Amino acid sequence: MPVNDAVLGTYGRSLAVQDVRFVDSVIIRPTIITWQRLEPLPRSEDLSIALQAEVADPLWLLGRQWQFAEFLGEDAGSPIAVKLQGEAAHLSRYRPGPVPASGDASADAVDYSHFHLPLEALVEREAVRASHPRLAAEAGEHLLRLLAGTGATHARSSLRGAGFGLDINDASLPEGDPRLTDPKGKAWQTLFARRALDGRLLADALRPFAAGDGTLTGLPPAFTFGGADPNAVQDAAASWLGWYDGFLNEPTPDVGSAWVHDRQEYAFALSAQFADQTAVLAAEEYTDGRLDWYTFSASRGPDLGSPAEPVPTTPVNFRPMLPAPVRYPGMPADRYWEFEDGRVNLGSLEAGPTDLGRMLLVEYALVYGNDWFVIPVELEVGSLFHVSRLTVRDTFGVTSNVGPARNLDGTRWTIFSLTNTPGGLADLFFLPPSLPSRLEGDPFEEVALFRDEMANMAWAVERKVQGASGEARDRRMEPYIPSVYQRVTGDQVSADLIYRLATPVPQQWLPFVPVPAAPNQPPSAFGIALERRAILRVYADGTTEEVHPDGILMRTDLSRPVEDEPPLRLHEEEVPREGAVVRRSFQFARWLNGQRFLWAGRSKAVGRGEGASQLRFDVSLYHDNASE
């Protein structure tokens, strides 16, 4: 094996081998391994041409299409034109409360037009002026400001002398009155004393003189002030009465309450009249202050009656529209060179053998996601749209009629449509007259509902109630009233035996005990309801007192004394293991024409789990006298 010395001297330790011969005369030639790399070589400042990665082989592109099964043609043609036909009907009737299974449902229904009032305000609003003296005082101050512009002198003293004064409590509060622990109530009481006017009494005195056009035909005798023009005073009083009636939205006497006490939520129904049928939309569980189409269920009855003025239906015949593919984050790209959204990786989802829902979701997103298209449908707010025909024309010129997405065997299942009862309505789209946003104030009443497994009952804890001024009063700041216990003394014992019939519970804790769900329920029918009971508190002098709620959320009939009203009974499922929190608060929003609406409404949210009252019965304790 000859070696070239020149090569060794030139390259150091390199060795050049010319031939390698083995005994069997097999010649092994040297192997040369090379690598090649394709790099864009721009010949100008524009790099886009080099980065396009152009391919000059059309057969390669056809091969890639064959590998991706694009030649199978399973998806047929792509839609290029969609035509939608139907009928639109406006809401015309409103009925508060659950829809009755039998009887006349139109007796409690009233006419409704969404142009004048948003749906949330109609359902939630409740009378709050009677229990809110601060609002009455503010209304009286506004009237005095308007009267001052007319030159009226001594208007405050004159109206207070005529019986329009507002005082929360002129006498001293008795010992133990809850208002003693209400700082805001005491502050407003001091401010109102001998100064404030009651706007509620002023409005009641002016309403008999109100005309239909917003003016006043006269004035009460008390509205006579020295140095003021009577006509100017009359105009100022008319302006104030219009402001007072529109400042706070309260229900009218002909509209009942939609609040369901045994559910602690709202229930109501709406109706719209089509040319050949009536659609009734029922909302049975409205709790969170947000109304949308999925809150309602559609049916053909019961009949809520006809409006005083017929509301005509509108035939809808949209022009052919170009459908757009549905897009969502993480959707697979439909082009080979297109980069997908890296924020969502559907391929990293894990599913167990029994997790069918997750596997179906992944299969839909990865395989059938490009089969969905969307078209714009413009409807008026507060309208119910009935689809009568939907036709699609594809790239091959084939026109197809598209039916609703539901089971053909009659079983109840639909997608993207209102839930319908058996034998009810289908193919409906509802655009409710709901608020896009609202401002919500701090709750002026709040009650927490939760279970207490150790005491085998449920509790309603009044965290906040309305105080003397109408604003929130924190009941946790009230003085704690201990339970009464008895001492057993004697010469032969060194400790006092303390026997308690029951351990103390704060007076803002209201007990709910399990009772049969229905009267005269047979033992075989297992049904439980939770009924509010009163705790009997025994004082040191032997007197007793029933502890009742201070707020109105846990009451059933405000027209009767709290000790004489029927007890509140809740369905067992309304107090789940995680608990619930019910609130009353002020809501503010603007509507279609810019009109402002202020009302008081309720809402229910998820609680924070179970609680423990530490309630025990027949407890004996020992107290060491030496430790005192």
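This is a predicted model: local features need pLDDT of at least 70, side-chain atom pairs count only at pLDDT 80 or more; totals for chains, interfaces and linings use all residues.

User: Okay, how many helices and strands does the chain have?

Analyst: The chain has 10 helices and 27 strands, where helices (H or I, at least four residues) and strands (E, at least two) are DSSP runs numbered from the N terminus.

User: And what share of the residues counts as buried?

Analyst: Of the 628 residues, 36% count as buried; buried means under 20% relative accessible area, exposed means over 50%, and partly exposed is in between, with a 1.4 Å probe and protein chains only. The chain exposes about 38800 Å², of which carbon and sulfur atoms supply 55%, and such areas come from the Shrake-Rupley method with a 1.4 Å probe, where for residues only the protein chains shown count as cover.

User: Can we zoom in? Where is Ser 92, and is Ser 92 buried or exposed?

Analyst: Ser 92 sits in strand E1, which covers residues 79-96, and Ser 92 counts as buried because its relative accessible area is 6%. Leaving aside neighbours within four places in sequence, Ser 92 is in contact (heavy atoms within 4.5 Å) with Val 110, Asp 111, Tyr 112, Ser 271, Ala 272, Pro 307 and Val 311.

User: How far apart are Ser 92 and Gly 382 in space?

Analyst: From C-alpha to C-alpha they are 9.5 Å apart, although 290 residues separate Ser 92 and Gly 382 in sequence. A second pair of this kind is Val 392 and Leu 84, which are 308 residues apart in sequence and 9.0 Å apart in space, again C-alpha to C-alpha.

User: What does Val 392 touch?

Analyst: Not counting residues up to four places away in sequence, Val 392 touches Pro 79, Ala 81, Val 82, Val 398, Thr 399, Ser 400 and Val 402. Val 392 lies in strand E10, residues 383-394, and is counted as buried because its relative accessibility is 19%.

User: Switching topic, which residues make the nonpolar surface patch?

Analyst: Leu 361, Tyr 364, Leu 366, Val 367, Tyr 368, Trp 372 and Phe 416 make a nonpolar patch of about 720 Å². Patches are made of residues with over 30% relative accessible area and no salt bridge, with like charges joined within 9 Å and nonpolar side chains (Val, Leu, Ile, Met, Phe, Trp, Tyr) within 5 Å; a salt bridge is a side-chain nitrogen of Lys or Arg within 4 Å of a carboxyl oxygen of Asp or Glu. One of the patch residues, Tyr 368, is in the loop between helix H10 (356-367) and strand E9 (373-374), and counts as partly exposed because its relative accessibility is 41%.

User: Last one: what is the phi of His 154, and where does His 154 lie?

Analyst: The phi of His 154 is near 55°, a positive value in a residue other than glycine, and His 154 lies in the loop between helix H5 (133-148) and helix H6 (155-164). His 154 counts as exposed because its relative accessibility is 63%.

How values were computed
Residues are numbered from 1 along each chain as its sequence is written. Side-chain values use heavy atoms; hydrogens and water are left out.
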